Amino acid sequence: MGYFIPISCHSSPLLWTILALGMKWIEEALSCPTECTCNKLQVNCTGKKLQNFPTTIPLTTKKLILAQNNLTNLPLLTMSYLNELVHLDCSHNLITMDLDFSFPGLIKLTYLDLSFNRLSHITSFTFSQLSELLLLNLSGNPLMVEIMAQAFEKNSLLRYIDLSNCGLSYLSAEMFQKLYRLRILGIKDNPWNCDCKFLMFSNWLTNTDIKSPDFENTTCNKPEKMQGLSLIKAKLELRYLCLLHLQLEDFIYICLLTFCVFFGGTLVAWLVGFGTVMYYHPVVRLYDEPEDEEYRMI
C-alpha cells in the first residue's frame, strides 16, 4: 500500500523551494555528464579534453574512467560522494598532489590508476583512507622522486603495485614488509642508485615470492661504476663492495681504531692499579707516634 503526502496549492513557498532543490539534487545524482558516456554503473570520459573533474557523476557509479584528459587536480569534496566507486582510472592527465593530499574514504575502491601524471611524492597520508585497495598503478610519473616508507601502511590488501617509469632512485624494503598479499611489483625504468643502501632492498626483493616484471633487464643509473649493470649483477658487486671488500683506507682505519682501544685500555688499567696501590699502601700517621713511643717505654 503506497503512501503520499498531499501538498495544497497554499503550501509554504519554503516547502516548494526545498522540494525543487531536492528534485534538482536527485536529477544531478542520476544524470550523466554531458561530455561522457554512461552505461549502467560505468561513466567513461576518456579523451574529452576535460580540464575539471565532472560534477554530475551519478552517485551509484562503480567504474569511472577519466583517462587522457587535462585534469590537474582531484576535488576531494566531489569524490567523497562517490561511495560506490570501485574502479577509478585517472591515467594520462596532468594531476599533481600536495604533500598533505589524501584521497577521501572511498571505502569500496579496489582499483586506482594514476599512471602518466605529474605526481612528485607519495606520503603516508595519500592512500591512508583506501583500505580496500587491491591494484595501484603509479607508473609513468617521472617527477615522482620519493615514496615514504609508511606510504602503504594502511593498504594491507594490495596485490599489485606498478612504480615503473618514474624518477625513483631508492626504495625501502620496509615499505612493503607489511603487504603480505603483494604479488607483483613493477620497478623497471627508474634511475636506481645502486649503492650499499640499495643492497637491502635488492636482497629483500630477490628473497620474496613477489614477482617483478622485466627484473632481469632493470638496470642501475648510479653510481658511475654501476651504470648500465642489471640489478642482479649489481647485487653481486654490492655484496663484494659493501660486505666483503675492504680498501686500504679501511685497513688503516681499523688499525688506528685497534691501537686506540689497546692503548686506552692499557692506560686505564695502569691508572686503576696505581690508584689501588696508593689507596691501600700503609702510611704511618703522625697522631699514632705518641702511642708507639709509650708502648715501647713499657
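Select F116 to begin: the residue lies in the loop between strand 5 (111–113) and strand 6 (121–122), where helices (H or I, at least four residues) and strands (E, at least two) are DSSP runs, numbered from the N terminus. The structure is a predicted model, in which local features need pLDDT of at least 70 and side-chain atom pairs count only at pLDDT 80 or more, while totals for chains, interfaces and linings use all residues. Residues are numbered from 1 along each chain as its sequence is written, and side-chain values use heavy atoms, with hydrogens and water left out.

F116 is not a glycine, yet its phi is positive, at about 55°. Most residues other than glycine have a negative phi, and most peptide bonds are trans. With 40% relative accessibility, F116 counts as partly exposed; buried means under 20% relative accessible area, exposed over 50%, and partly exposed in between (1.4 Å probe, protein chains only).

Select K40 next. This residue is in the loop between strand 1 (37–39) and strand 2 (42–44). K40 also has a positive phi, near 60°, and is likewise a residue other than glycine. Its relative accessible area is 83%, so K40 is exposed.

Now display the cysteine side chains. A disulfide is a covalent bond between the sulfur atoms of two cysteines; here the term is applied to a pair of cysteine sulfur atoms within 2.5 Å. How many disulfides does a search of the whole structure find? The search finds three.

Select C32 and C38, which are joined by a disulfide with an S to S distance of 1.9 Å. The torsion about this S-S bond is about 90°, so the disulfide of C32 and C38 is right-handed. C32 is partly exposed at 31% relative accessible area, and C38 is partly exposed at 34%.

Move to C36 and C45, whose disulfide has an S to S distance of 2.0 Å. The link of C36 and C45 is right-handed, with 105° about the S-S bond. Are these two cysteines buried or exposed? C36 counts as buried at 9% relative accessibility, and C45 counts as buried at 0%.

**The disulfide C194–C220**

Select C194 and C220, which form a disulfide with their sulfur atoms 2.0 Å apart. The torsion about the S-S bond of C194 and C220 is about -90°, so this disulfide is left-handed. C194 lies in the loop between strand 11 (192–193) and helix 3 (196–206) and C220 in strand 12 (residues 220–222), so the pair ties together parts that are 26 residues apart in sequence. Both C194 and C220 are buried.

Select T218, in the loop between helix 3 and strand 12. With a relative accessible area of 2%, T218 is buried. Which residues does T218 touch, not counting those up to four places away in sequence? Taking contact as heavy atoms within 4.5 Å, T218 touches I187, K188, W192, L229, S230 and L231.

Continue to P223, placed in the loop between strand 12 and helix 4 (231–244). The peptide bond from K222 to P223 is cis, with omega near -10°.

**Two further cysteines**

Finally, select C90 and C166. C90 is buried, with a relative accessible area of 0%, and C166 is buried, with a relative accessible area of 6%.
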